[in-house]
Structure formats: structure tokens, C-alpha cells
Amino acid sequence: MQQPWPKPLITDMKTKNDLTGFETRYALTPNKVQEVFEHWLQIAQDSTEKYLVLGVDTEFIRTRHFYPKPGLIQLSFLNQVLLVDTQSISAAELSPLFNDLLRGFKLANVYVAFHAPHEDLNLLSQLGIESPFEHGMHLIDTQLAAHSLGYGAQVGLFKLAEVCLGCSLVNSES
């Protein structure tokens with residue numbers, strides 16, 4: 001049986017990847033999540049871009065329960081990444097922040113992208129986070145899009161990145 005993740009020893013922090021230029025924030029408190037979400041909403045509202053995309057992925061802890069236990073929510077917007085530790089922030093604190101972000105992004109016409117979103121959407125629902133569909137948002141499923149373009153029905157994100165972007169992902173980077 002897999003043990004629950006230990007409480008993180010780090011506090012909220014920020015790093016920048018010199019290779020990609022992406023800024024990554026690790027959010028362990030509701031205040032940090034709210035700070036980043038407010039910043040992203042301001043960017044979306046001020047943007048003149050025709051298309052903006054919020055990338056979403058989740059990690060979960062498989063246990064002997066009926067539902068998987070939420071572990072980490074990974075979000076990307078423009079050149080910023082936010083890693084939300086769901087073991088440090090309660091669903092009651094997290095769901096209103098996410099739902100406000102989705103409402104604001106709908107008004108700014110932001111698309112939401114997942115790779116094979118079924119499990120991600122179920123996990124977000126467990127946390128009380130509404131589906132982008134509930135907000136009338138456009139949802140992009142990169143696995144379905146890849147299948148439509150002839151890359152195969154079950155193409156993984158690693159293979160898709162390699163074929164479409166010409167880069168190989170290391171397991172710790174996906």
C-alpha cells in the first residue's frame with residue numbers, strides 16, 4: 001500500500017527554468033494560490049491576444065479507497081507554472097479560488113487544455129472545483145486532438161511532445 005505524501009518541508013517559493021524561461025511557483029497556502037490567480041486574471045483581462053490557454057494536469061495518490069486521493073494540481077498560463085499542493089490546502093479553501101479563476105477566465109475567453117482529461121476532471125470535482133464545461137468554457141483535449149490528426153488513439157504526452165515539438169521529456173518533467 002502506497003503511503004500518503006509527507007508534508008512538504010518547503011514554504012511557498014518561486015524558481016525560474018533557464019532552459020524554457022518558465023517561472024514555476026509552488027503554492028502551499030491559499031494566499032499564494034489567490035495571489036497567483038489574481039495576477040493571471042489581470043493578465044487575461046488586459047491581454048489583446050486572441051487565444052489564451054490554461055494548461056491543467058493533476059497527480060493523485062492511489063490508495064485502497066473508492067476514489068484516488070488528490071495530490072498535486074499543475075497549472076500553466078503563458079510562461080508561468082503553478083504547482084498546488086492539495087495536501088497542504090484544504091478543498092474548502094481551494095475550490096472557491098479555482099471557481100473564481102474559471103469564471104474570470106471565461107469572461108476573458110481563455111481556453112482550458114488537458115491531456116486525456118477524464119481522471120483530471122474527476123479529481124477536480126472531488127475537490128469541489130467546477131468543470132470548465134459548467135462555465136461554458138472551451139476545453140482542449142490534446143490526446144483527442146492528436147488522435148484526430150492521425151497520431152493514434154492513445155498517444156501519450158511524451159510521444160506527442162517528441163513528434164510535434166521535437167523535444168524529449170524526462171520523466172521528472174511531465
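In which helix does Gln143 lie? Gln143 belongs to helix H4, residues 142-148 (helices, H or I of at least four residues, and strands, E of at least two, are DSSP runs numbered from the N terminus).

The model is predicted, so local features need pLDDT of at least 70 and side-chain atom pairs count only at pLDDT 80 or more, whereas totals for chains, interfaces and linings use all residues. Residues are numbered from 1 along each chain as its sequence is written, and side-chain values use heavy atoms, with hydrogens and water left out.

**View 1. Surroundings of Gln143.** Gln143 counts as buried because its relative accessibility is 15% (buried, under 20% relative accessible area; exposed, over 50%; partly exposed, in between; 1.4 Å probe, protein chains only). Beyond residues up to four places away in sequence, Gln143 touches His115, Ala116, Ala153, Gln154 and Val155 (contact, heavy atoms within 4.5 Å). Gln154 is eleven residues from Gln143 along the chain, and their C-alpha atoms are 7.0 Å apart.

**View 2. The largest nonpolar core.** This core has 29 residues (buried Ala, Val, Leu, Ile, Met, Phe, Trp, Tyr and Cys joined through side-chain atoms within 4.5 Å). Phe37, Trp40, Leu54, Ile73, Leu75 and Phe105 have the most contacts inside it. Elements giving two or more residues to this core include helix H1 (30-46), strand S3 (52-61) and helix H2 (91-107). Leaving aside neighbours within four places in sequence, the contacts of Leu54 include Trp40, Leu75, Leu101 and Phe105.

**View 3. Val163 in helix H5.** Helix H5 spans residues 157-165 and holds Val163. Val163 counts as partly exposed because its relative accessibility is 42%.
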